[in-house]
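Biologist: Could you walk me through this fold, one question at a time?

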Amino acid sequence: MKVGLFGANGRMGRVLVEALDLSEDAMLSVATVRDDSAWVGMNVGELAGIGKKPITCSPISSLQQDSADVMIDFTLPAVIESNLAWCVKNNMPVVIGTTGLNDTQLAALDEAAKQIPIVFAANYSVGVNLMLSLVRQAASVLGNTADIEITEAHHRYKQDAPSGTAMAIGEAIADELGRDLKTCAVYGREGKEPERDQGTIGFATVRAGDIVGEHTALFADIGERLEITHKASSRLTFAKGAVHAAQWLHGRKPGLYSMANVLGLPA
């Protein structure tokens, strides 16, 4: 199966080049960068640090319908709508790992999914997606008595906060408890505040060094607490998950799918 990349020069783009090189069932067929990028014409293997490969970075304007069977997009929110528009125009399935999308961009995603198959996930790690299932189970048992806090840590270069994965954890818990995360979330605390409202879900963010990704969901009651934690040590785990999602997506009907669908986990 042929897989194309939007934004091959990004941090995840480079790791996806490596993951596709390691895959036995999917091959990199095209790797795009912005038309004005200094990376146009750069060998993707050298870009990813895995040795010279037979593909160079192409300007996005040169992308053709037959370039790939499925595209993968881990770029930035600013280009998500134009990338989706190209995929819809060319009837191209796409795996999207871009986080920090606003309501307008999410609406564009929903609209595109009416015409093409899309996998959209905040995190493509198998362990994180299992964690989303586990926090639902914990919330169903402890959520009405325990205080719930979500902490996350990432590298210094990450631009959105809290992370998309932290937000997905919060959404899973809130959904299980019948709460609206938009109204019950608390993002950071400072100074003298009133006693904690048990109905809230707190978020704390760390940005430091080269931390790949760490997430903890804390359920704390009087006398005991449960912590569910996932730690990633390599971005390759996310890239391999995205490649697996691309293989699963090929040939699917239009719709918006999640990694729970890909992995056969409870939604």
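What follows is a chat about the chain as a whole, then its strands and a few residues.

Modeller: Ground rules before you start: this is a predicted model, so to speak about local features I need pLDDT of at least 70, side-chain atom pairs count only at pLDDT 80 or more, and totals for chains, interfaces and linings use all residues. Residues are numbered from 1 along each chain as its sequence is written, and side-chain values use heavy atoms, with hydrogens and water left out.

Biologist: Fine. How many helices and strands are there in the protein chain?

Modeller: I take both as DSSP runs, numbered from the N terminus: helices are H or I with at least four residues, strands are E with at least two. On that basis the protein chain has 9 helices and 12 strands.

Biologist: What is the radius of gyration of the protein chain, and what does the globule rule give?

Modeller: The radius is taken over C-alpha atoms, and the globule rule is 2.2 Å times the number of residues to the power 0.38. For 267 residues that rule gives 18 Å, and the chain is close to it, so it is as compact as a globular protein of that length. As for extent, the C-alpha trace spans about 60 × 40 × 35 Å along its principal axes. The two values you wanted: a radius of gyration of 19 Å, against 18 Å from the rule.

Biologist: What share of the 267 residues is buried?

Modeller: Buried means under 20% relative accessible area, exposed over 50%, and partly exposed in between (1.4 Å probe, protein chains only). The accessible surface of the chain comes to about 13,200 Å², with 50% of it on carbon and sulfur atoms; areas come from the Shrake-Rupley method with a 1.4 Å probe, and for residues only the protein chains shown count as cover. The buried share is 47%.

Biologist: Which residue of strand 11 is the bridge partner of histidine 215?

Modeller: Strands count as paired if DSSP finds at least two bridges between them. Strand 10 (residues 213-221) and strand 11 (residues 224-232) run antiparallel over 9 bridges, and alanine 217 stands opposite isoleucine 228 in that pairing. In the hairpin, with 2 residues between the strands, glycine 223 takes a positive phi near 100°. The partner of histidine 215 is histidine 230.

Biologist: And which residue of strand 10 stands opposite alanine 153?

Modeller: Here the pairing is between strand 7 and strand 10, antiparallel over 7 bridges. Opposite alanine 153 you find glutamate 214.

Biologist: Which residue in strand 2 does valine 3 stand opposite?

Modeller: Strand 1 (residues 2-6) pairs with strand 2 in the parallel sense, over 4 bridges. Strand 2 (residues 27-33) is mostly covered, with 5 of its 7 residues buried. The residue opposite valine 3 is leucine 28.

Biologist: Is valine 95 buried or exposed?

Modeller: Valine 95 sits in strand 5 (residues 94-96). Leaving aside neighbours within four places in sequence, its contacts (heavy atoms within 4.5 Å) include Val70, Ile72, Tyr124, Ala242 and Leu249. With a relative accessible area of 0%, valine 95 is buried.

Biologist: How far apart in space are glycine 13 and alanine 239?

Modeller: Glycine 13 is in helix 1 (residues 11-22), and at 3% relative accessible area glycine 13 is buried. In sequence, glycine 13 and alanine 239 are 226 residues apart. C-alpha to C-alpha, the distance is 8.6 Å.

Biologist: What is the phi of asparagine 91?

Modeller: Asparagine 91 lies in the loop between helix 3 (77-89) and strand 5. At 54% relative accessibility, asparagine 91 counts as exposed. Although asparagine 91 is not a glycine, its phi is positive, about 50°.

Biologist: Last one: how is asparagine 261 classed, and at what relative accessibility?

Modeller: Asparagine 261 is placed in helix 9 (residues 259-263). Its C-alpha is separated by 10.0 Å from that of leucine 249, 12 residues apart along the chain. Asparagine 261 counts as partly exposed, at 37%.
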